[in-house]
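Please consult the sequence and the model alongside the text.

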Amino acid sequence: MMKQWSSRRSWAVWLSCAALVIGLLAGCSDSGGTSEQEEAGSTAQTGQEQGQNAGKAESAQEPGREADTSPSESAQAEVDEQPSDVYYEIFVRSFYDSDGDGVGDLRGVIEKLDYLNDGNPDTIDDLGVTGIWLMPINPSPSYHGYDVTDYRAIHPEYGTLEDFKALLAEAEKRGIKVIMDLVVNHTSTEHPWFKEAAADPNSPTRDWYVWAEDQGKKPTGSSAAGSGTPWHELNGAHYMGTFWGGMPDLNFDNPKVREEMKDIGAYWLEMGVDGFRIDAAKHIYEDLMSDKGEATTAKNTAWWQEFRSRMNEVNPDAYIVGEIWDNSAAVIAPYLDKAFDSGFNFGLGESMIGAVTNEKDNNLAFTLERTYGLFSKVSGGSFSDAAFLTNHDMNRVMTQLNGNLDHAKMAAGILLTMPGNPFIYYGEEIGMRGAKPDEQIREPMIWSNTGSDKGQTTWEPLKHNRGDQVEGVVQQTDDPGSLLSRYRTLIAWRHEMPALNRGTIESFASGNESVMAYVRRTNDSKALVVHNLSGKEQRVELAGTSGGDPFKALAKTTDDRAALNGSSLTLPPYTTAVLE
Ligand SMILES: [Ca+2]
Ligand SMILES: [Ca+2]
Ligand SMILES: [Ca+2]
């Protein structure tokens with residue numbers, strides 16, 4: 001994935017980058033380090049931080065409203081395309097149960113692959129995703145799995161290595177890539193490495209962890225992940241656990257830890273895994289609040305470059321996406337330099353939800369255009385963005401939207417016309433709801449409201465997704481007006497239009513604040529995406545607003561009443577359309 005794009009840079013983009021870096025760095029003041037204690041069992045993080053960040057993100061974008069100063073206008077010959085897949089994030093425990101114990105498992109995922117993508121481009125009753133991200137599947141004492149006890153095995157409740165290999169094979173048949181969560185910042189306290197280390201200060205794995213007394217450090221300071229004190233007392237000593245006492249941080253200054261983690265990555269790639277979602281990527285060395293800064297980032301990225309380099313020996317096309325929980329592009333950027341293909345774009349998620357909630361354009365394309373200029377430069381043209389509305393650590397988007405189906409459809413419309421790899425959190429496509437605590441944003445996938453599906457998982461009682469709160473897959477599947485149908489339609493557009501699939505993005509001034517518009521452009525095609533975010537019919541006058549060739553045809557629309565008369569585009573309420 002990295003090769004063919006690597007040297008494609010235009011001079012215009014290069015020249016604009018110096019200014020971009022300065023501008024983006026200026027906007028990167030505080031990075032929400034408190035957002036990340038989820039698997040620590042903390043329920044402290046609520047919509048508050050997200051709300052604050054959303055405001056920040058929007059105001060940062062305002063300057064773009066006036067003038068379309070697209071750097072690509074003068075350099076359309078070469079754009080940095082972003083090869084893309086649509087990924088679907090699966091919490092295996094909640095997805096589908098193959099053996100009747102109420103707990104989702106890998107055989108259950110296999111049974112539902114046809115729902116995700118049946119491998120037949122002619123059928124349209126499947127979602128059409130081309131990648132899945134499995135949340136942790138290794139053995140763990142916790143229901144969520146983010147504290148691992150064996151990095152080379154499968155959680156017994158989820159199945160066996162043979163089941164996993166079968167899943168890889170069945171997914172490949174259907175053109176679905178499989179990436180898995182890799183949680184290496186910390187292990188479980190139940191991991192044999194840690195049990196030995198804690199029991200005996202002279203054990204071979206003692207130095208695999210960070211002990212204050214051994215390293216001559218004072219067990220003071222506060223966690224960079226916002227979980228209070230990161231030091232936890234055990235057998236007369238204190239170990240580092242940035243997220244939670246049950247998750248002791250590994251010591252990446254120990255070469256044996258580095259070798260072990262590279263071996264583990266290689267092990268899964270050799271088995272056929274297509275890549276990794278890297279948990280807590282910036283916390284490898286950012287343990288304490290006082291660690292934050294460029295020197296720590298440099299140590300983090302040096303480690304991830306070393307990891308990447310080893311993965312390239314097994315599969316240079318492996319896709320690696322990092323969880324670097326920060327809204328600032330300047331914080332993400334260093335990780336795209338020969339380390340990760342993508343960093344999840346947390347700020348974009350908030351911008352998308354903000355725009356549909358307020359029914360107003362916030363010109364997020366303006367920010368992306370500049371962000372991508374920076375990412376393109378630092379990655380040598382090899383990055384792809386990773387857009388998402390929400391993930392397993394956030395209140396579900398339908399809950400954030402107060403159950404507004406029109407808004408949910410518009411959010412999907414923006415997400416699935418973004419550059420790079422959009423990620424869908426399981427159940428988002430049917431409007432599943434959920435709010436913290438964490439178990440309640442990870443409730444069982446709703447296959448049918450009648451409870452008639454034998455594979456329905458039941459490990460967690462439904463608080464937000466009962467039959468009177470959300471319609472199941474079976475209830476939505478044949479309804480052209482359902483949210484599920486909208487997701488299918490939008491993903492199908494991506495498969496049909498190269499500009500939507502791998503184009504870059506340029507802001508487009510629609511002259512109408514209820515309309516969000518942007519151009520997606522590849523080196524030989526382009527498309528204009530237009531969203532009417534409001535509940536009223538809107539018009540956009542295209543004449544004089546676009547550089548280069550005008551857009552002449554309505555290629556796609558979610559509402560047949562949309563019309564292009566000459567250069568005048570009319571969009572019914574809550575409509576997404578694409579022009580060529
Ligand atoms: Ca099961
Ligand atoms: Ca199909
Ligand atoms: Ca760490």
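The chain contains 17 helices and 18 strands, where helices (H or I, at least four residues) and strands (E, at least two) are DSSP runs numbered from the N terminus. The model is predicted: local features need pLDDT of at least 70 and side-chain atom pairs count only at pLDDT 80 or more, whereas totals for chains, interfaces and linings use all residues. Residues are numbered from 1 along each chain as its sequence is written, and chains are lettered from A and ligands numbered from 1 in the order in which they are written.

Of the 580 residues in the chain, 55% are buried. A residue is termed buried if 20 or more other C-beta atoms lie within 10 Å of its own, exposed if 12 or fewer do, and partly exposed in between, with C-beta atoms placed from the backbone. Two residues are in contact if their C-beta atoms, likewise placed from the backbone, lie within 7 Å. Among contacts between residues at least 6 apart in sequence, 70% join residues at least 24 apart.

Strands of a sheet pair through backbone hydrogen bonds, either parallel or antiparallel; here two strands are taken to pair if DSSP finds at least two bridges between them. Eight strands, in the order S8-S7-S6-S3-S2-S1-S10-S9, form an open sheet with parallel pairing. Its edge strands are S8 (342-343) and S9 (386-388), each of which pairs on one side only. Within this sheet, S1 (residues 87-90) and S2 (residues 131-134) pair in the parallel sense over 4 bridges, and Ile90 stands opposite Leu134 in S2.

A further open sheet has 5 strands in the order S11-S12-S13-S18-S15, and its pairing is antiparallel. Strands S11 (504-507) and S15 (554-557) stand at the edges with a single partner strand each, so one side of each is left without a neighbour in the sheet. The twist averages 25° from one strand to the next; angles run from 0 to 180 degrees between N-to-C directions, and axes are lines fitted to C-alpha atoms, for helices over the stretch in contact. S12 (residues 515-521) and S13 (residues 526-532) run antiparallel and are joined by 7 bridges, with Arg521 opposite Lys526 in S13. Helix H12 (residues 364-379) lies across S11 and S12, running at about 130° to S11.

S14 and S17 (residues 568-571) run antiparallel, joined by 4 bridges, and Gln538 stands opposite Leu571 in S17.

Among the helices, H11 (residues 346-358) has 13 residues and reaches 19 Å from its first C-alpha to its last, close to the 18 Å expected at 1.5 Å a residue; the expected span is 1.5 Å times one less than the number of residues. H11 is mostly covered, with 11 of its 13 residues buried, including Phe346, Met352 and Val356. Glu359, which follows H11, has a positive phi near 55°.

Helices H8 (residues 255-271) and H9 (residues 294-314) pack at an angle of about 35°, with their axes 9 Å apart. The contact is made by residues including Met261 and Leu269 of H8 and Trp303 and Phe307 of H9. By class, this contact has 7 nonpolar, 1 polar and 5 charged residues, where Ala, Val, Leu, Ile, Met, Phe, Trp, Tyr, Cys and Pro count as nonpolar, Asp, Glu, Lys and Arg as charged, and the others, Gly among them, as polar.
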